Amino acid sequence: MCTGANYTTRDHYFGRNLDLEFSYNETVTVTPRNFPFAFRRSESLVTHHAMIGMATIADGYPLYYDATNEQGLSMAGLNFPGNAVYHPEAPGRTNITPFEFIPWILGQFETVGEVKSALETMNLVDISFNETFPLSPLHWIISDRTESITVESVAEGLRVYDNPVGVLTNNPPFDMQMFNLNNFMHLSKHPPETHFSDELEFDVYSRGMGAIGLPGDLSSASRFVKAAFTKLNSVSGETESESISQFFQILGSVAQQRGCVEVSPDEFEITIYSSCCNTDTGVYYYTTYENSRITAVDMHREDLDGRALIDYPLIHEQQILRQN
Ligand SMILES: C[C@H](CCC(=O)NCCS(=O)(=O)O)[C@H]1CC[C@H]2[C@@H]3[C@H](O)C[C@@H]4C[C@H](O)CC[C@]4(C)[C@H]3C[C@H](O)[C@]12C
């Protein structure tokens with residue numbers, strides 16, 4: 001399972017937890033403006049916005065999991081098993097494969113508003129990258145600094161939802177995730193006041209009791225509620241350090257610890273990496289399961305007018321600062 005989110009202080013931040021039991025050797029990948037993007041059923045983009053994000057590079061192509069372009073538009077793909085349906089090529093529509101979706105959107109657009117218009121004629125076509133990388137059942141969160149949407153390709157076609165929470169996890173479909181929040185409207189950061197009965201006396205014996213009932217398990221429906229509550233109540237200073245610290249705390253509230261989610265005998269889903277991109281400055285920060293130190297890659301320190309992909313392998317080893 002995964003969780004994606006955005007967050008605004010002085011700057012805007014976008015990132016995700018990638019939760020899985022194995023890795024596809026993903027790297028922090030910068031695609032410069034003149035890297036030629038070929039699309040299986042649409043015209044190539046010879047020049048486009050530059051972007052930075054996490055990707056597996058296969059046959060010279062960046063298969064992005066999440067990314068931000070130089071205009072600050074961001075996008076992440078999260079698992080949507082059993083619900084994602086991709087369709088045969090549809091004449092007269094823009095046919096884009098799921099693995100091309102992030103480059104195609106981030107290559108061209110600056111705002112969620114522009115993306116919404118483009119999605120009106122889009123068809124996510126059921127073509128896989130190759131046999132090693134078959135179609136992934138995904139849905140997507142797309143954010144700029146003022147709004148977010150969720151995009152789901154289902155049996156009925158492409159669904160685009162406004163996402164006022166700025167959070168995405170996995171199943172169920174997004175409208176159900178939003179509806180489920182109704183069940184938690186009583187949760188609060190404030191101490192509770194009783195409406196239980198006038199006939200009993202109640203004791204607020206602990207801090208945090210206003211949010212008793214906030215789910216703590218790792219299911220996707222629960223993570224959606226937990227991440228939404230944490231994000232929407234988040235308070236932080238506006239500096240870079242305070243902002244990214246708070247962002248990683250939000251993601252940490254729904255991180256997966258090895259041992260708690262067994263996906264097959266002795267195989268456990270974990271939070272492989274957590275990312276946080278400052279979408280205004282193009283700096284991509286990440287931590288990994290074993291490396292809690294924040295590592296950063298700045299897209300503007302690369303030649304963005306180039307043609308070749310630039311990628312940085314993840315630093316997975318724990319970095320300990322000894323004080324004596
Ligand atoms: C599985 C990842 C999402 C994390 C998640 O939700 N895991 C939960 C697993 S489960 O429900 O509990 O089984 C997704 C996010 C981005 C995906 C990758 C990107 O879409 C890029 C390529 C796309 C190719 O079609 C398949 C390989 C791939 C490299 C994808 C593999 C996998 O599907 C990834 C890594």
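Helices and strands in this description are DSSP runs, with helices of at least four residues and strands of at least two, numbered from the N terminus. The structure is a predicted model. In it, Pro 172 is found in the loop between β12 (167-168) and α3 (174-180). The peptide bond that joins Asn 171 to Pro 172 is cis, with omega about 0 degrees.

Backbone angles with a positive phi are considered next. Most residues other than glycine have a negative phi, and most peptide bonds are trans. Asn 25 is not a glycine, yet has a positive phi of about 55 degrees. The location of Asn 25 is the loop between β2 (12-20) and β3 (27-31). Asn 25 has a relative accessible area of 65% and is therefore exposed, the cut-off for this class being over 50%.

A positive phi is also found at Asp 266, a residue other than glycine, where the value is near 65 degrees. Asp 266 lies in the loop between β13 (262-264) and β14 (267-268). Asp 266 counts as exposed because its relative accessibility is 66%.

His 12 is placed in strand β2. The relative accessibility of His 12 is 0%, so His 12 counts as buried, a class that requires a value under 20%. Leaving aside neighbours within four places in sequence, His 12 is in contact with Asn 6 and Tyr 7, with Ser 143, Asp 144 and Arg 145, and with Cys 277, Asn 278, Thr 279 and Asp 280.

Note on methods: Residues are numbered from 1 along each chain as its sequence is written. This is a predicted model: local features need pLDDT of at least 70, side-chain atom pairs count only at pLDDT 80 or more; totals for chains, interfaces and linings use all residues. Side-chain values use heavy atoms; hydrogens and water are left out. Buried means under 20% relative accessible area, exposed over 50%, partly exposed in between (1.4 Å probe, protein chains only). Contact means heavy atoms within 4.5 Å.
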